[in-house]
Amino acid sequence: ASYDMGGHDTYMHKEIHEQADAVDRVLRGRIDDRFSTVHLGGLNLDAREARRIRRVKILGCGTSYHAGMIGAQMIEELARIPADAEPASEFRYRNAVVDPDTLYVAVSQSGETYDVLAAVQELKRKGARVLGVVNVVGSAIAREADGGIYVHAGPEVCVVSTKCFTNTTVAFALLALHLGRTRDLSVRDGKRIIEGLRKLPTQIAEILKQEEQVRELAEEYAQSRSMLFIGRVRGYPVAREASLKLKEITYIHAEAYPASELKHGPLALIEPALPTVAIVPDDDLLEKNRAALEEIKARSGKILAVAHREQEKADRTIVVPKNEDELDPILMGIPLQLLAYHAAKVLGRDIDKPRNLAKSVTVE
Ligand code: AGP
């Protein structure tokens, strides 16, 4: 593909900077202020059917799987429906029990990933209802699904996904709000989430203004042999995605762990040469996360925090704007896209086409 690079040196850089506009697009025309909900025309799911859903199972690969993890938490929090995400590639090989009261959601930027498509086809063969959360209009997964949400991120050329990841998490917020409002989510909470959604584009622009500061940090972190990414509950999928992004384009080894699991193993790795990137939202788990930072500091580990305010225990903090607790994960990974990008640049990597990877894996 060859789209205009608009003065950017790579598609990745261009696509990172397109995120405020992209989020604007996924929201456009969908918000219903009168009933504090959203219209999702392509869902093909009426309120009575929505109320019968007993579980939500989200399936995707790679970055799309991570967006699905965030989506599952939003659905569980806002709609109070048990929800989880699983790599589609695993799901299709484990002869999973297909349950008629479960809503299955297939997530894919390209809409062509074979592992996801195969999972969708197997689900449909067994009579399940499958929705797609897809970027490419008219793609195989979009056609195969019973309905869904287009994420409208626009064309994404860089092999690693940035703007589509962000838009997919926003699409999940819309789905969670919609399902919530057919169930027990109050008008007031619906309003609160809508207000939060409307703030996203401005807040993304604010984060991207810190690029120079992140670039300086990247120079330092690019020298690491390995990095640890931690987060708890809402922060965990953010850590997973940031770690994947770093691996893919810098080839630096990175591992993501729930902060709560540190003491059950990975604490043994902590030493000055292993930096930790910690996702520290200002939510009800703030104190718990601070305690984790303290554990790392006590073992001379270097810490970079992404947080809503300066973290004392961290060596450096990237401060991001606060949104509603449930929506914070949409924003917290964005500075880490920049970190991965600038570290890859320092190392002279082929950012748009990392070795051994393809934009979409359409084969078995
Ligand atoms: C590129 O390597 C991506 N980061 C990769 O993990 C991708 O998210 C995955 O292959 C799924 O692609 P899809 O969203 O097009 O289905």
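This is a predicted model: local features need pLDDT of at least 70, side-chain atom pairs count only at pLDDT 80 or more; totals for chains, interfaces and linings use all residues.
1. Is Asn 95 buried or exposed? Asn 95 is exposed, since 8 other C-beta atoms lie within 10 Å.

2. Residues are numbered from 1 along each chain as its sequence is written.

3. Asn 95 sits in the loop between helix H5 (88-91) and strand S5 (102-108). Helices (H or I, at least four residues) and strands (E, at least two) are DSSP runs, numbered from the N terminus. The phi angle of Asn 95 is near 50°, a positive value in a residue other than glycine.

4. Tyr 251 also has a positive phi, near 65°, and is a residue other than glycine. It lies in the loop between helix H11 (235-250) and strand S9 (253-258). Tyr 251 counts as partly exposed, with 14 C-beta neighbours inside 10 Å.

5. An open sheet is formed by five strands in the order S4-S3-S5-S6-S7, with parallel pairing. Its edge strands, strand S4 (83-87) and strand S7 (147-150), each pair on one side only; two strands pair if DSSP finds at least two bridges between them. On average, neighbouring strands of this sheet are turned by 20° against each other, direction ignored. Axes here are lines fitted to C-alpha atoms, for helices over the stretch in contact, and angles run from 0 to 180 degrees between N-to-C directions.

6. Strand S3 (residues 55-60) and S5 run parallel and are joined by five bridges. Arg 55 has Thr 102 in S5 as its bridge partner.

7. H4 packs on the sheet and touches S3, S4 and S5, its direction making about 170° with that of S4. Contact between two residues requires their C-beta atoms, placed from the backbone, to lie within 7 Å. Helix H6 (residues 114-125) packs on the sheet as well, touching S3, S5 and strand S6 (129-134), and its direction makes about 160° with that of S5.

8. Of the 16 residues around the ligand, those that come nearest are Gly 62, Ser 108, Gln 109, Ser 110 and Thr 113; a residue is near a molecule if its C-beta atom, placed from the backbone, lies within 6 Å of it. Helix H4 (residues 62-79) gives the most to this shell, with three residues.

How values were computed: A residue is buried if 20 or more other C-beta atoms lie within 10 Å of its own, exposed if 12 or fewer, and partly exposed in between; C-beta atoms are placed from the backbone.
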